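Hello,

Here is the structure I said I would pass on to you. Please have a look at it first, and then read on for what turned up.

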Amino acid sequence: MQSIARGIASELVPGTLHLSSPVVSIEQLAPDSCTVSTAAGKVSRCRKVIVPVPTPLLSSIKFSPHLPEAKATLSASTALGYYSKMIYVFDHPWWRDAGLSGVFESVTGPVSFTRDTSIPADGQWSISCFIVGEPGRRWSQLPDVLGRQRIWEQFSRAFGSVVASVPQPVNVIKMEWTKEAWFGGAPSPVMGPGILSTVGHALKTPCGDVHFVGTETADVWKGYMEGAVRSGRRGAREVIAALREATVQQPSR
């Protein structure tokens with residue numbers, strides 16, 4: 001995922017990408033005229049705005065005019081689940097050598113399931129542990145050292161039942177999406193009962209000059225990087241079409 005984001009960023013004009021700049025307000029002054037303000041006080045003017053923020057977090061941004069009722073209801077009625085990863089990186093694929101897939105599943109946790117996330121072409125060998133749902137929430141309350149210990153105990157016990165010994169990883173990567181301020185959880189927001197059938201249509205409907213993208217708005221691979229890329233391309237097409245239409249409608253001078 002990082003390589004895709006960095007690759008796209010490398011093609012941008014220097015100085016156009018501003019990191020660590022959370023947006024606090026989006027104001028539509030007139031057709032094709034918007035201002036976007038950050039927490040640091042920086043104000044940018046533009047004709048269109050593309051918002052990739054997860055729907056439950058839209059309330060962290062002040063919109064003027066206010067979001068339509070359907071969009072506001074959608075934001076208030078969706079939630080992100082608990083989702084974390086613990087990735088164990090090894091110097092060799094010992095599970096593959098043993099004829100294993102690198103997968104196990106558990107209904108008690110804290111790890112709910114694992115997947116082989118190796119990249120053989122890069123010589124990167126890893127198994128990702130997914131800590132999700134209620135078992136994940138309970139695990140997240142543990143001190144960091146104890147939490148890591150519990151994950152490793154479950155991991156080594158599961159694979160240790162079918163291999164002679166489970167080697168220590170050369171690197172451990174931990175990611176708790178729920179504790180990330182601009183994510184709030186993963187992989188995709190869930191709607192409450194009756195929300196999809198009543199206001200679900202507002203999920204990716206533009207509000208004036210503000211367009212909405214993000215993996216949750218994708219029709220394919222919702223909740224994953226593939227869905228995020230697809231939604232971004234859809235949003236770009238929307239904006240390009242809207243700008244072209246506005247140009248055509250401008251009165252001749």
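Let me start at the surface. A nonpolar patch is formed there by I4, I8 and V229, and together these residues have about 230 Å² of accessible area. Please keep in mind that this is a predicted model.

Is I4 buried, partly exposed or exposed? Its relative accessibility is 37%, so I4 counts as partly exposed; the label applies because this value falls between the 20% limit for buried and the 50% limit for exposed.

Next, the sheet. It is an open one, made of 4 strands in the order β3-β2-β1-β5, with mixed pairing. At the edges are β3 (43–46) and β5 (62–64), each of which pairs on one side only. From one strand to the next, the twist averages 15°.

If you want a residue pair to display, E27 stands opposite S64 in β5.

Two loop residues are also worth a look on your screen.

The loop between α3 (94–97) and β8 (113–116) contains G109. With a relative accessible area of 16%, G109 is buried, because the limit for that label is under 20%. Which residues does G109 contact, once neighbours within four places in sequence are left aside? They are P135 and Q154. For a distance across the model, take G109 and G208: their C-alpha atoms are 45 Å apart in space, and the two residues are 99 apart in sequence.

The other loop residue is V163, found between α5 (144–160) and β10 (171–176). V163 is buried as well, since its relative accessible area is 12% and the label calls for under 20%. Not counting residues up to four places away in sequence, V163 touches W94, A98 and L100. How far is V163 from G99, C-alpha to C-alpha? The separation is 9.9 Å, although V163 and G99 are 64 residues apart along the chain.

That is what I have for you on this one.

Best wishes

How values were computed. Residues are numbered from 1 along each chain as its sequence is written. This is a predicted model: local features need pLDDT of at least 70, side-chain atom pairs count only at pLDDT 80 or more; totals for chains, interfaces and linings use all residues. Side-chain values use heavy atoms; hydrogens and water are left out. Patches are made of residues with over 30% relative accessible area and no salt bridge: like charges are joined within 9 Å, nonpolar side chains (Val, Leu, Ile, Met, Phe, Trp, Tyr) within 5 Å. Accessible areas come from the Shrake-Rupley method with a 1.4 Å probe; for residues, only the protein chains shown count as cover. A salt bridge is a side-chain nitrogen of Lys or Arg within 4 Å of a carboxyl oxygen of Asp or Glu. Buried means under 20% relative accessible area, exposed over 50%, partly exposed in between (1.4 Å probe, protein chains only). Contact means heavy atoms within 4.5 Å. Two strands pair if DSSP finds at least two bridges between them. Axes are lines fitted to C-alpha atoms, for helices over the stretch in contact, and angles run from 0 to 180 degrees between N-to-C directions.
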